[in-house]
Amino acid sequence: MDAVLLQILNGLDKGSAYALIALGLTLIFGTLGVVNFAHGALFMIGAFCSVTLQRLLTLSVETIDETQKDFLGNPLKVKTPYVENWFGPEVGASIIDWSVPLAILFAIPVMLFIGFVMERGLIKHFYKRPHADQILVTFGLAIVLQEVVKYFYGANPIPTPAPEVFKGSFDFAPLLGLDTSLAYPYWRLVYFGFSTVIIAAVFAFLQFTTFGMVVRAGMADRETVGLLGIDIDRRFTIMFGIAAAVAGLAGVMYAPINSPNYHMGMDFLVLSFVVVVVGGMGSLPGAVLAGFLLGILESLASMNEIKSIIYGIDQIIIYVVAIVILLVRPRGLMGRRGVMEE
Amino acid sequence: MFGLEKRDTLLLGVVILLTLFAPFILNPFPADSGLAQFNAGYPDLMQRFVIFGIFAIGFNILFGLTGYLSFGHAAFLGVGSYSAVWMFKLLSYNVVPALVLAVIMAGLFSALIGFISLRRSGIYFSILTLAFAQMSFNLAYSVLTPITNGETGLQIYTSDPQYLQSVDAPSFPNLFGAAMNSSTTLFFGSWTFTFSVGYYFCAVFLILAFYLAIRIFRSPFGMMLRAVKSNQQRMNYTGLNTRPYTLAAFVISGMYAGLAGGLLAAMDPLAGAERMQWTASGEVVLMTILGGAGTLIGPVLGAGFIKYFENIFAKINDNVLHGWFAFMPDGIEDAMVAIIHPFVGKGWHLTLGLLFMLVVIFLPGGLVEGGQRLGRVFRRKDSNAGSVEADAAKQRNEAAE
Amino acid sequence: MSFTKLTRRGLIQTGAVAGAGLALPTYLRAENHAGFTNAPTGSTVTLGFNVPQTGPYAEEGLDELRAQELAVEHLNGEGDGGMMNTFSSKALKGNGILGKKVEYVTGDTQTKSDAARASAKAMIEKDGAVMINGGSSSGVAVAVQGLCQEAGVIFMAGLTHSNDTTGKDKKANGFRHFFNGYMSAAALAPVLKNAYGEDRRAYHLTADYTWGWTQQESIAAATEAMGWETVNNVLTPLASTDFSSYIAPVLNSGADVLVLNHYGGNMVNSLTNAVQFGLLDKEVNGKKFEIVVPLYSELMAAGAGANVQGVIGSMNWNWQLQDEGSKAFVKSFGEKYGRPPSNSAHTCYVQTLLYADAVERAGTFNPCGVVEALEDFEFDGLGNGPVLYRGDDHQCFKDVLVMKGKENPTNEYDTLEIVEVTPRAQVEYAPDHPMFAGGELGKCNPGA
Amino acid sequence: MAILEVKNVGKRFGGLQALSDVNLSVAENSVHAIIGPNGAGKSTLLNCLVGKLIPDTGSVMFDGQSVLGRKPYEINQMGISRVFQTPEIFGDLTVMENMLIPCLAKRDGAFQLNGWSRVVGQQDMIDKAEEMLRDMHMIDKRHMHAAAMSRGDKRRLEIAMCLAQDPRLLLLDEPTAGMARADTNNTIDLLKQIKDERDITIAIIEHDMHVVFSLAERITVLAQGTPLVEDTPDRIKGHPKVREAYLGESQDAA
């Protein structure tokens with residue numbers, strides 16, 4: 001039983017990541033009608049915002065220490081980060097330690113900017129083009145973005161640790177009165193909380209602001225809103241920026257969970273499409289629901305007890321669930337008629 | 001001729017000439033010149049051009065005509081390859097049974113997946129096909145290793161039974177003795193041209209596949225498929241059942257993929273699981289769109305384009321670059337190398353990504369439209385110029401407006 | 001205009017050559033004076049370096065490429081000569097190979113069997129490469145090895161750790177300098193016993209494909225032989241990026257050691273996840289919980305960062321080795337590229353030299369001559385002490401390194417430290433060992 | 001004799017009773033109009049006739065056979081063709097191809113795997129399609145893409161496509177909705193011509209009273225999902241119930 005609880009907990013955490021990524025994707029589908037294959041790349045860029053800030057904070061002065069040798073036997077160049085020189089070693093070190101949470105502040109303007117530039121410079125011209133063209137151009141863009149990252153950061157994963165205080169794991173067992181361990185890493189709990197807050201914020205934004213209302217109306221019936229004389233274009237640009245920022249933030253906080261590498265976006269791309277479609281195209285609650293559902297089912301399928309019944313089920317669980325749901329519910333869990341059905 | 005209209009006959013003729021003379025056309029540079037790097041006329045790449053051309057032609061029958069965007073066609077290619085290699089393992093190195101089984105198995109497999117996936121349309125259909133293909137890949141890579149040999153890829157061991165293999169037959173896939181890897185080289189000054197049995201074998205299939213595609217495009221069946229893309233509602237209220245039309249298109253394209261997979265195995269008897277991965281499915285989508293979906297020759301061009309970059313640009317390393325610019329003063333040479341360096345060798349993906357974007361931005365109808373624009377410049381008058389592809393490209397643009 | 005050089009490639013059995021020849025039209029019949037594929041005719045000889053340049057192993061491939069370029073420089077008498085000065089065989093003179101200047105071409109394996117074979121074929125068919133070197137996964141190694149056997153060129157395998165490469169998939173034209181899963185296990189077992197005791201319960205996470213299975217089998221056998229119990233072995237999908245659902249149940253399983261049979265991105269992620277779950281801070285069965293990563297590489301260690309600290313694993317070679325050969329190589333590599341070489345770089349460098357040396361000693365580029373010169377060849381001075389290239393299966397035998405993640409690294413390359421150099425005798429096995437059974441080496445194939 | 005017989009049809013959407021106890025009988029070779037205010041259930045009824053919806057209760061018989069449970073394409077093959085409110089044509093195809101498709105559907109049935117024969121080889125079909133286009137005065141537009149035509153032309157093309165199948169019953173769903181007066185009159189003339197020249201039954205759902213009274217021989221008035229009255233145009237005009245339920249509104253619409 002505790003094993004199942006643990007996997008459900010884990011599934012919630014995984015699911016929150018899936019939901020967060022899928023949310024931005026479905027926003028773009030729903031509002032702009034664009035199939036964005038570069039969405040994974042935005043997630044990746046978010047993660048590299050963490051890496052970049054970490055690098056910026058550890059920019060160092062080099063001093064030569066004659067007493068130590070480097071691998072070639074030459075005197076070792078000792079690097080001292082500027083922040084440590086400026087704020088003293090301890091404050092400096094803790095600033096570096098907190099680089100990932102700090103990267104949230106760094107990533108928001110960066111991602112909004114990237115989103116705006118992408119929409120104005122490229123996506124805008126593809127609103128009325130066939131989906132195939134959208135796929136080709138955004139896939140091309142995704143490759144370019146990831147190759148640019150590879151050029152500057154290399155292909156190897158880059159460790160981006162969370163702050164020291166979040167090391168280790170929290171044991172839920174005593175809380176629940178269980179005598180076994182139900183340990184879960186602090187940082188993953190933070191990630192879960194963070195995703196929940198962002199998801200709630202996006203919903204609140206769409207629900208309670210005039211801007212959100214117009215966007216929701218636009219998702220429901222684009223032409224009518226256009227006829228009302230509302231400048232829907234400008235709002236769509238902002239919407240794209242927000243979707244990019246959501247994907248980026250998902251990436252920023254994901255960096256400590258798995259060391260970022262340049263192709264991590266592609267790894268998530270297929271999955272996020274499956275999540276969005278299972279949830280139903282253009283449905284925000286659907287994306288969130290599907291994210292959690294797939295996260296939990298994936299976690300449960302990885303249990304040895306289940307794998308011993310159906311060998312290799314964890315290899316295909318996501319796809320099996322997707323197929324079953326799409327066959328039972330033609331437009332996913334909460335999809336609307338007529339969205340991306342052509 | 002051949003039951004084709006004049007302009008289609010012309011197009012077929014061009015394709016036949018291009019494939020037959022490909023060993024010359026693809027090797028325009030002398031072997032000892034710096035530009036020899038860009039020669040593509042060696043058997044393996046020529047075979048790949050043709051095989052992926054077949055794959056893309058088939059995919060286009062589904063996607064270009066009906067508009068159903070499958071993200072799982074690589075699975076059928078993989079099934080074709082595995083079937084072919086199993087025939088080599090069990091019967092003999094003769095390619096005929098291998099190709100027959102490859103096409104049949106891919107046809108059955110696509111009928112099954114198509115039957116289920118075609119219950120949905122649009123992106124829901126795409127995701128269903130993607131899910132099936134990814135499942136196939138994941139299983140082939142690990143769980144099904146006894147059938148697929150997993151990570152390494154299915155290959156032929158000397159211990160395999162090969163019940164029908166005669167002692168004097170070549171121990172490489174062959175057509176009644178003519179081994180696919182035999183070739184002969186023609187030296188002409190400093191040019192070399194390689195004629196490979198395998199290439200011409202594939203080329204024959206490409207020509208047949210292309211001819212069949214023309215027939216389908218110009219048939220009432222093909223017209224119905226385009227009608228599916230245009231307006232399914234009207235189809236239904238005109239007494240036409242769309243499901244068997246789309247399923248037939250799906251299975252035909254699946255069989256094309258199976259043929260391509262079988263040919264891949266015949267040229268090189270090892271079937272890797274990666275050829276079923278979603279990226280491989282994505283590749284044929286990109287080939288088709290890049291060349292011009294719904295046009296006849298477009299997918300072949302797109303396939304050639306992508307394979308050329310994968311195989312030629314990836315091989316240009318700094319050493320080669322320095323060789324090209326060696327005549328320049330040192331500083332400029334280094335600068336030139338530094339400028340080009342990110343786009344070639346390990347950066348070939350970057351070039352490919354940029355080209356995808358450029359083509360789709362400036363040539364909305366794909367490479368075929370690029371060709372038409374060039375043609376218009378040369379012909380000035382656009383009267384009969386439309387050529388064979390004008391219709392499809394024009395339709396696309398109108399639909400887009 | 002003339003028709004010459006009529007070639008027929010890819011015949012494995014010499015017996016079949018004659019027979020097949022008869023079945024062919026006359027104009028296609030094999031006729032080649034040199035008698036082997038891509039015999040160098042001019043003043044140069046071309047080697048093919050086939051490494052991953054895109055995809056998850058691109059960095060590994062880049063390092064291999066660096067080492068191969070360095071080797072070419074040294075063969076052509078440029079640079080400081082590196083390991084050529086310490087190599088026990090003195091056949092190489094720094095004037096290329098058999099007096100021919102060495103040139104090279106490169107290709108991208110993409111870490112996919114298909115792509116790797118395509119790029120190897122391009123190098124053989126288009127560029128006339130006589131030898132293919134490099135790669136960073138077992139699937140690719142086995143696939144390209146098979147191709148080289150058919151085509152009649154020599155294959156030197158690069159990074160491939162699966163038992164199968166020189167086990168059931170061994171080929172006469174292929175050689176492997178890298179060690180394998182069995183040798184990792186044999187080297188690790190005694191060290192693990194000393195460090196963690198005989199009474200341990202191990203939980204295995206294993207990448208669900210051939211390499212993972214063979215390594216898991218080897219490690220489980222070796223650790224069980226010294227008294228460890230294998231609590232569980234869970235297979236993880238290759239495509240996994242987040243291993244949390246596989247790691248979460250470990251603590252409740254009663255295991256006190258976690259063995260990660262993962263490589264590359266899988267390993268970086270699974271180790272990072274395991275450390276996140278605080279496994280290393282736990283005590284189980286009254287013992288400190290430990291993690292073992294049987295196959296290490298510098299790049300993976302760099303990717304996992306601080307998470308490798310205290311984690312034991314094995315390696316083929318490391319730049320911190322203090323023998324003359326290793327020192328010479330590190331110096332020459334470090335001065336050129338500003339970084340120490342990785343163990344796959346070392347493998348690719350050494351293999352290039354060994355191939356060249358074998359050609360010199362054989363006096364021909366003919367693969368059969370090279371195979372003969374390399375089989376049962378013993379040498380020293382290329383790192384890892386005295387080395388044997390066993391003729392039975394073309395596996396290389398040498399000392400194996402047991403490594404441990406360094407607790408207080410002083411610089412970015414100082415991630416691992418050598419715990420023990422396990423002597424060659426301890427990792428040797430019989431050619432017909434059950435884990436390597438099946439398959440035939442076959443005969444060398446000169447192609448053409 | 002009635003070609004279409006609707007008996008006791010009811011259809012419910014959640015809490016809304018869209019149709020209840022609808023009885024309707026359309027005589028062969030007549031023009032029968034179904035009118036009614038917005039939300040009266042006209043479209044729901046039409047959708048029940050063509051197989052898009054399945055009624056909860058009742059029966060729909062066409063020429064003595066039940067259409068219930070059959071798919072739209074099967075019902076079409078029985079001889080019912082439908083013209084939509086906004087013209088549904090194959091916009092990406094040429095006008096000629098648009099005409100050929102119904103001709104082929106008539107000849108070959110719901111599915112035919114004729115990938116080897118050639119469109120240009122179907123001379124009899126081409127002749128038929130061309131004749132139809134000539135009748136419709138659209139022959140000069142035959143190479144045009146259908147999507148590029150004017151709305152009036154699209155309507156004519158759609159009607160022509162339906163007629164090419166030689167249907168026994170032609171269903172028209174507000175064929176003149178959103179049309180300019182001139183186009184409307186053209187359409188009326190076209191329908192009159194069809195009625196005169198062919199053995200065909202026409203059922204028409206219409207808002208525009210001008211159209212209804214120009215064409216219809218019998219009229220059924222639908223209100224709140226149930227037939228109010230059925231009679232000849234002249235008597236409907238003066239019917240008090242109809243005035244009350246409907247006509248006040250319809251004068252605005254007209």
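1. The UniProt annotation "domain: Leucine-binding protein", from an unreviewed entry, covers residues 44–406 of chain C. UniProt positions are given in the numbering used here, feature names are shortened, and annotations may be inferred rather than shown by experiment. Over residues 44–406 the chain is 39% helix and 20% strand, with the end C-alpha atoms 45 Å apart. Helices (H or I, at least four residues) and strands (E, at least two) are DSSP runs, numbered from the N terminus.

2. The model is predicted: local features need pLDDT of at least 70, side-chain atom pairs count only at pLDDT 80 or more, and totals for chains, interfaces and linings use all residues. Residues are numbered from 1 along each chain as its sequence is written, while chains are lettered from A and ligands numbered from 1 in the order in which they are written.

3. Chain C contains an open sheet of five strands in the order E3-E2-E4-E5-E6, with parallel pairing; two strands pair if DSSP finds at least two bridges between them. Its edge strands are E3 (101–108) and E6 (174–175) of chain C, each of which pairs on one side only. Strands E4 (residues 131–133) and E5 (residues 154–156) of chain C pair in the parallel sense over three bridges. C:Met131 has C:Ile154 in E5(C) as its bridge partner.

4. Which helices pack on this sheet? Helix H4 (residues 138–151) of chain C touches strands E2 (44–51), E4, E5 and E6 of chain C, and its direction makes about 160° with that of E5(C). Helix H11 (residues 343–362) of chain C also packs on the sheet, touching E2, E4 and E5 of chain C, with its direction at about 160° to that of E4(C). Axes are lines fitted to C-alpha atoms, for helices over the stretch in contact, and angles run from 0 to 180 degrees between N-to-C directions.

5. Four pairs of chains touch, and the most contacts are between chains B and C; two residues are in contact if their C-beta atoms, placed from the backbone, lie within 7 Å. Chains A and D do not touch, their nearest C-alpha atoms being 13 Å apart. Chains C and D do not touch either, with nearest C-alpha atoms 34 Å apart.

6. Between chains D and B, 34 residues of chain D are in contact with 30 residues of chain B. On the chain D side, the elements giving two or more residues are helix H2 (72–78) and helix H3 (95–108) of chain D. H3(D) gives the most, with six residues. This side of chain D divides into 20 nonpolar, nine polar and five charged residues, where Ala, Val, Leu, Ile, Met, Phe, Trp, Tyr, Cys and Pro count as nonpolar, Asp, Glu, Lys and Arg as charged, and the others, Gly among them, as polar.

7. Chain A has 15 helices and four strands. With 342 residues, a compact globule would have a radius of gyration near 20 Å, and the 22 Å of chain A agrees; the radius is taken over C-alpha atoms, and the globule rule is 2.2 Å times the number of residues to the power 0.38. Of the residues of chain A, 54% count as buried, that is, with 20 or more other C-beta atoms within 10 Å of their own, C-beta atoms being placed from the backbone.

8. Chain B has 18 helices and six strands. Its radius of gyration is 22 Å, close to the 21 Å that the globule rule gives for 401 residues, so chain B is as compact as a globular protein of that length. In chain B, 63% of the 401 residues count as buried.

Key. Buried ≥ 20, exposed ≤ 12 C-beta atoms within 10 Å, placed from the backbone.
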